[in-house]
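These are my notebook entries on a structure that I am opening for the first time. I want to look up how its chains meet and which side chains pair.

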Protein chains: 2
Amino acid sequence: MSILDTIIHKRDGKQNSRTELEQLVSGAVRGDVPHYQVSAWLMAAFLNGLTPEETGVLTDVMIRSGRSLDLSGLPGPLIDKHSTGGVGDKVSLILAPMVAACGVQVPMMSGRGLGHTGGTLDKLESIAGYSTELDEDRFRQIIQDCGFAMTGQSSDVVPADRLLYALRDVTGTVESIPLITASILSKKFAEGAEALVFDVKCGAGAFMKTFEQAQALAESLRESCRALGRPVVTCITRMESPLGYAIGNAFEVEESVTCLRGDGPADLMDVTIRLGAWMLVAGGVASTVEEGVSRCVQAIENGDALDRFVRNVNAQGGNGQRALEPVDRAPVREVLKADRDGYVQGLNAYAFGRAAGALGAGRMQAEDSVLPDVGIILARKPGDSVHSGETVAELYARDPARVADAMAWLADAVQIDDEDAAGDLPMILEEVAQLKD
Amino acid sequence: MSILDTIIHKRDGKQNSRTELEQLVSGAVRGDVPHYQVSAWLMAAFLNGLTPEETGVLTDVMIRSGRSLDLSGLPGPLIDKHSTGGVGDKVSLILAPMVAACGVQVPMMSGRGLGHTGGTLDKLESIAGYSTELDEDRFRQIIQDCGFAMTGQSSDVVPADRLLYALRDVTGTVESIPLITASILSKKFAEGAEALVFDVKCGAGAFMKTFEQAQALAESLRESCRALGRPVVTCITRMESPLGYAIGNAFEVEESVTCLRGDGPADLMDVTIRLGAWMLVAGGVASTVEEGVSRCVQAIENGDALDRFVRNVNAQGGNGQRALEPVDRAPVREVLKADRDGYVQGLNAYAFGRAAGALGAGRMQAEDSVLPDVGIILARKPGDSVHSGETVAELYARDPARVADAMAWLADAVQIDDEDAAGDLPMILEEVAQLKD
C-alpha cells in the first residue's frame, strides 16, 4: 500500500483505511512522506470529505503520532471544554475554577488568539508572572492542587496536528469540518481529557457563521467521539455580539474576576454556567444539567470558584490577590458614540474583534505579539436603549494611529433600531449530550 | 493576489485568472512557490476541473516558463502529430518521412515508453548510432535537410511541464483531461509546431479506455487550441489490439521499413495515412483530406518516404541503408498458441504491451533501461482464422525468466470465437478538423 494509493483513494471519494491514515500521518511526522503528498491528500480530503469513522481514525493516529499526557491517578474526573473561538470569550477563565470548585478536574491546554478572536493564553499572560508553559509534572501538580491548570500545547503532544495545521494554513484546506474535528479532538484527548464539552460558536463573530454550519461541526465532533468511544457534549452558542463587556487581554481577566465575584453579565454567565453544568454531568458529579447549573451557581456565590482562581494564579507564577484588582488601561482613549436614538440591536462581534486586534490586543499572524492593556469596553449591550451621542464603547490604545484603524472597523458595527428585538434572544442555541453509547 | 488565494479559488470551483496561473507556474519554476502549494492546486484542479480558457492560459504560461524553439525561416509549414500512446504504435516513424516527402516539415519532439506503451525515442535508438539528443541548431538543420527531425525534450523547453508532471506523478493527479491537455500542448507548441494533428487512442491498450473519454480529451485539446488561436485536428483511433504485427523497439523499426516499402499491414497504414493526410491539410499542402490521402499513398509508392527515412537516419548518426535490413532477435524464443479453432477477435493491447515490457522492451519506471531486440511478433491479427495449436504470437527475450512473466500477461489476452465480427471494424473512430476560427 503506497501513499500514492492513499491519495488516489481519497481523490476518488473512497474511504481511507486505518493502515492508510497511519502511514500518511506517521510518515509525515517522521519526514518520510513529503509535504507535497500530504497537501494533495489534504485537498482531496477537503473536497471529498472524510466519514465520521475516518475522522475518528485520523484523530486516533494523530494522537498516536506523539506523546499523550498521563494524568491517571488524579482523584476526580478529567473533563475539558473547547470553544471554537469568539470575541470577548473569557469563558475558560471563569469556568475552569468554577467546575474545579465542584469537583471536576480541568486539564486545559489552550491556544493563542489569531485573526479576530482572542486566546486564553494571551489573556492569562496579561497577569504579571503568570506562566502558561508548564511541563507535565507541573501541569499534573497544579491540577491536583487547584483542580485545574492552564497550559499551552507542548511540542511533543500531537506533532501531527502541528504539521497538518501548518500545511492546511498555506494550502487553503483550513475550513474542513472533518480536518477541524480531528485537529481539535486529537489535542484535547492527548492532553488527558476523559470527556469533552464543546462550545461551538455561531454567528458573525464565529468561524461558523450559520446555525447549519455550527450543527455540522457539532455533529462531526459527536460522531467522531462516538467512533473513538469518548463521551461528549456539544453546545451551540450565540456569537453575534461580543460576550460580556470587555474585549482585550487584561480587560477580560478583569471581567472574569467580576464574574467569579457573582457580578458577571447575563450573556457571559449564561454560557459559562451552562457549559460548566454539562462538564459536571460529563464528569458524573451532577446527574442532571439542572443540578449542574445549581452547583455552578453555588460555587460562584460561595466564593469557592474565586478562591480556586486565586490559588491557580499563585500556582502558575502570578500574584492571586493582585490579579483581583482593577487593571491598567492604555492611555489613548477614544469613544464610539451612538449616531441615533433607539435600542442597540447588534454589536458586530467580528468587527469588534478586528478593532480590538487593530488596537494591539490580537494578532493577524502567529508570530505577532499582543499588548495586555489595550482593547474595548462596551458601554451598551444588545437590548439596551441609547441616545444619539451617548457612549456605546470605549477604546484604549497605546498608539493613536491604531485607534483610527480600530474606529474604521467599527464604522458599521453598531446597529440601533427603534424597537428592541434583541434583548431576549437565547445564548444557548442547541445542546446535545452523548455520554454513553 | 497570493498563491493561497489562487488555490482557494480553484478549491471553490472558481476560474483562475491569467495572473494567478502565471504566478503559480512561474513561481513554481523559479522555486518561489513550494511544491506543497502546487500539489494542493493540482488536486483542486483535478477535482474541480479547468475551463477550456483556463487550460489554454495554463498552456500559454507553461510555454512561457521556458524557451521556445525558433524554427522560423524554414521553407514549409511546421506540423506535428501527437499520439496519446498505444501498443505497437510506430506511426511516427512512418508518418514523419511520408509527410516530409509531401512538403510538410515535422519538428518531432518525442518521449520514451512508460508502462504498457512504447516510446518513439526508444524505438529510434534501437538503430545503431541514432542520436535523439539534438541541439536546436542541429534539429533545425535536419528538418531543413530531411523535412523532419526526431528529438527528445530539451530540459529548457517547458520546464514547467517537467515540474508539474513530476508532481502529478506522485500526487495522484495524472489522469486529468485539462492537465493532460496543457502538458501535451505546451510541449508541442514550444517545439515550434504551427498546427497539430492528434491521434487520441481509444480502447484496451490506450489511456482512454472508452470512446466518451477519448472524445472528452479530443474536445479539450480542440477547445484549448481554439483559446490559443492554433489550428488542430483530432482523430480518435482504435487501440484495442496492437497496431501492426511488431511490438518491441527494433521490431517496430523493422515493421516501419516494411510500411515505407509499401507492404504495411492495413490497420497500421490506415491510421498512418489518415493522420498524415490531415497534416497535409493542416499545413495547406492538400486542400482536402482525400487529396492528402492520395499524396501520402503516392509518397510511399514512389519511394520518396523511404528515401526521407534513410536520409534522416544518416543525418541523426545512424546508417540509413543498414537500418533497412532485418533486425536481430533475442535468442530465447517462445510461442503463444491458439487454444481452440476459430477467428481471432481480440488481442488485448494492454496485455501485449505489458508482456513486451516484461520481456525488456519497455519500462515501468522512468529510470529503467530498455532492450532493442526483445518483443513480440504477432502471427495473427483480429479477423484471422486460426486452428488450435497454431501460433498466435512469437516472443523473443534474452532471459528465459522474463518469458514466463510475459506469458502470464498473455494468459487471457487472446480472444478466439466461432464467428468473425472483428475483421472489418474501422480504425478511425472520429475526425474533427478545427483549422480556422
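I began with salt bridges, for which I took a side-chain nitrogen of Lys or Arg within 4 Å of a carboxyl oxygen of Asp or Glu. Searching the whole structure in this way, I found 50 salt bridges over all chains. Before going on I noted that this is a predicted model, in which local features need pLDDT of at least 70 and side-chain atom pairs count only at pLDDT 80 or more, while totals for chains, interfaces and linings use all residues. I also noted that residues are numbered from 1 along each chain as its sequence is written, that chains are lettered from A and ligands numbered from 1 in the order in which they are written, and that side-chain values use heavy atoms, with hydrogens and water left out.

Entry on one salt bridge within a chain. I looked up D161(A) and K187(A), whose side chains meet in a salt bridge at 3.6 Å, N to O. This pair links distant parts of the chain, since D161(A) sits in helix α8 of chain A and K187(A) in helix α9 (residues 177–190), 26 residues apart.

Entry on symmetry. I superposed the copies by least squares on the C-alpha atoms of residues with pLDDT of at least 70 in both. Chain A can be laid on chain B with an RMSD of 0.0 Å by a turn of 180° and a shift of 0.0 Å along the axis. The two copies are thus related as by a two-fold rotation axis.

Entry on the interface. Counting contact as heavy atoms within 4.5 Å, I found 21 residues of chain A in contact with 21 residues of chain B. Because 100% of the interface residues of chain A are also interface residues in chain B, the copies meet through the same surface. The area buried between the chains (accessible area, 1.4 Å probe, lost on putting the two parts together and summed over both) is about 1600 Å², and carbon and sulfur atoms give 71% of this. R11(A), Y36(A) and M43(A) supply 36% of the area that chain A buries against chain B, more than any other three residues.

How many salt bridges are there between chain A and chain B? I counted 2 salt bridges there, and I looked up the one in which the side chains of R11(A) and E175(B) meet at 3.2 Å, N to O. On the side of chain A that touches chain B, α1 (3–11), α3 (35–48) and α8 (159–171) each supply at least two residues. The most comes from α3(A), with 10 residues.

Entry on R308(B). This residue lies in helix α14 (residues 304–315) of chain B. Leaving out residues up to four places away in sequence, I found that R308(B) touches P97(B), A100(B), A101(B), C146(B), G147(B) and F148(B).

Terms used:
Helix = DSSP H or I, 4+ residues; strand = E, 2+ residues; numbered from the N terminus.
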